Amino acid sequence: MADDTETQPAPASTERAGALTVRAVLAAVIVGALAIGGVLFATGAFEPKNEEKAPRLAAAGTTLAKSAPGTCLTWDKDPTTMAPVDCLQPHKFEVAGEPARTLPDNAPYPSEAALAAQRDQLCPPVVTEYLGTRLDPMGRFQMGLLTAGQKAWESGDRTMRCGVQVVDGAGNALESQGKIVNQDKSLTWPPGTCIGIDERGQRTAPVACVQPHAFEVTAVIDMRQAFPDASWPTERQQEDYLSRICPSRTTGWFGSQDGLRKSGLQLAWNTLSQPSWTAGSRSVICFLASSKDGRTFTPITGSAKSPDLLIDGKKPVMPTFPGAAPAPTPGPGR
């Protein structure tokens, strides 16, 4: 029978309060298979990276000024094309409301860092009032702040709107459909989804699996099934549960007992922080990834199910670890 070995939590000094930590374990496949894997990521692989991504309007903020709470906005690569759309249509921003104050009339045009600071200071109460609850700090949606562009700013336009949006690992706004109130706010993607990778080894947005990517999702786990009445299951409780269900669900996703072993990838999952649970998130993902340093993703090309799978440009091999015991030979009846 394969072992389930849990990695030790990273030291508290390396963890951001409320962060959605990513764990990796020795992934146990079903009876008769070999355990593979190891420590992948310490912390931070799923943290939002939207600190310096505040789209601006280059013209007078008339579109923004007319955007009441609940308005959905979208734009092309150039935010000057910003326009309201039905929230059932793809959009990049859902307006929560106007902040209580803006920058003074004589304030210089703010840098991206200054706008990020304004967002973090002014938008939480606006977004909380709009949603009726706090936004999951590590969920699918992040707070955003839209403001007029430089030309409009220089003419005295201080229009600002707080809202919610979906961003990739680099903070770029992504399209979503439907109002946030009607959606699962957890950071999840359907099984078989591959999440892209940037030059820093961080996740981006969903991509075709034939493109370089950071990881591939094998299962979405609804934690309410195991903890229906919990005020918040502790991280250890979540780890114990996920260390049992993720290997079996991933084996089912492969459709074979040795699919995970042959892929050469490592099985990992995320857990829900107490702020995330309080905000209403209940789902996590099991996923396949690889890493050389335990903090960044190694590029993967091709689905884990594909015979053309490459890990950092090379054919996969079963990982080995210094001091590891020889792999057991399955006996009769195993």
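**Close-up 1. D258 pairs with R261 in a salt bridge.** D258 is partly exposed, with a relative accessible area of 26% (buried means under 20%, exposed over 50%, partly exposed in between; 1.4 Å probe, protein chains only). R261 is also partly exposed, at 28%. Their closest N and O atoms lie 3.7 Å apart. A salt bridge here is a side-chain nitrogen of Lys or Arg within 4 Å of a carboxyl oxygen of Asp or Glu. The structure holds seven of these.

This is a predicted model, where local features need pLDDT of at least 70, side-chain atom pairs count only at pLDDT 80 or more, and totals for chains, interfaces and linings use all residues. Residues are numbered from 1 along each chain as its sequence is written, and side-chain values use heavy atoms, without hydrogens and water.

**Close-up 2. K292 meets D312 in a salt bridge.** The N to O distance is 2.3 Å. K292 lies in the loop between β15 (283-289) and β16 (300-301), and D312 in the segment after β17 (310-311), so the pair ties together parts 20 residues apart in sequence. Strands (E, at least two residues) and helices (H or I, at least four) are DSSP runs, numbered from the N terminus. K292 is exposed at 67%. D312 is partly exposed at 32%.

**Close-up 3. R119 and D120 join side chains in a salt bridge.** Their N to O distance is 3.0 Å. R119 is buried, at 7% relative accessibility. D120 is partly exposed, at 44%.

**Close-up 4. Helix α4 covers residues 235-254.** Its buried residues include Y241, L242 and W253. Just after α4, G255 takes a positive phi of about 85 degrees.

Definitions and conventions: The expected span of a helix is 1.5 Å times one less than its number of residues.
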